[in-house]
Amino acid sequence: YEIWNEPNSPTYWDAGAHEYVRALKAFYDGAVAVSKADNKPRPKIISCGLVSKSLWFLQGMLDNGFDAYCDYVGVHVYCPTAENVIVSTTRFLSTLQNGPRPVHKKIWITELGWHTGYDSQVNKRQPDEAARAVALTAVYEQMTAIPEVEKIFWFRADSEKTVSHREIQPRMTMTQGGGMRPPGHLAELPIFRQRPCGGSQKNIM
């Protein structure tokens with residue numbers, strides 16, 4: 001279970017890191033109690049899918065000892081470019097491991113993506129599908145070289161658009177098209193050939 005989505009955002013959480021850790025502890029204690037009563041193993045718990053750039057919230061979680069109540073550390077990595085995905089992940093890990101209370105748990109990147117359509121932040125069109133295929137391969141190769149990264153889930157595999165403030169904007173996506181199997185160039189990548197929905201030898205999805 002991943003406990004909560006992006007509490008750094010007031011859209012999903014209207015309190016601070018201290019309150020989040022209290023909620024995480026409550027869920028953890030409840031899972032322990034139910035598992036003991038049912039004589040079953042406790043389910044694995046992932047901390048919130050925290051946006052990787054929200055290091056201030058991560059620090060608040062560290063200050064309140066969140067790692068005692070989870071098995072894995074969750075993170076969502078969204079960046080304007082593929083290259084920044086690696087940089088953002090590295091900074092997140094550095095904050096996690098190099099503070100006064102270092103935490104050395106495995107991380108699950110439960111959402112990974114970057115802009116693929118028009119990006120108002122950089123005021124230009126992002127690379128086409130062939131270029132994104134190259135970028136995605138590079139990201140996965142570099143991510144699998146990071147020992148702390150255990151699983152990756154990309155979000156999402158198509159270019160479905162959403163309506164926001166009367167403007168049509170692309171999602172933070174990897175590919176264009178629909179369906180579970182990416183079309184075109186990305187369908188030919190080794191990571192997709194190994195598994196219909198992606199994956200790698202490191203069991204990354």
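In this predicted model, helix α1 is followed by N39, a residue whose phi is positive, near 55°.

Helix α1 comprises the 22 residues 17-38. At 1.5 Å a residue, α1 should span 32 Å, and the C-alpha atoms at its ends lie 31 Å apart, which agrees with that expectation. Several residues of α1 are buried, namely A17, Y20, V21, L24, Y28, A31 and S35. Because these residues cover an arc of only 95° around the axis, they are placed on the same side of α1. The face turned away from this buried side carries R22, K36 and A37, which are exposed. The two terms rest on relative accessible area: a buried residue has under 20%, an exposed one over 50%. The cover over the buried residues of α1 includes helix α2, residues 55-63.

The protein contains six helices and eight strands. Read from the N terminus on, its elements follow the order α-β-α-β-α-β-β-β-α-β-β-β-α-α.

How much of the protein counts as buried? Of its 205 residues, 46% fall into that class. Contacts along the chain complete the description. Among the contacts in the protein with a separation of 6 or more, 68% are accounted for by residues 24 or more positions apart.

Key:
Residues are numbered from 1 along each chain as its sequence is written. This is a predicted model: local features need pLDDT of at least 70, side-chain atom pairs count only at pLDDT 80 or more; totals for chains, interfaces and linings use all residues. Side-chain values use heavy atoms; hydrogens and water are left out. Helices (H or I, at least four residues) and strands (E, at least two) are DSSP runs, numbered from the N terminus. The expected span of a helix is 1.5 Å times one less than its number of residues. Buried means under 20% relative accessible area, exposed over 50%, partly exposed in between (1.4 Å probe, protein chains only). The arc is that of the directions from the helix axis to the C-beta atoms. Contact means heavy atoms within 4.5 Å.
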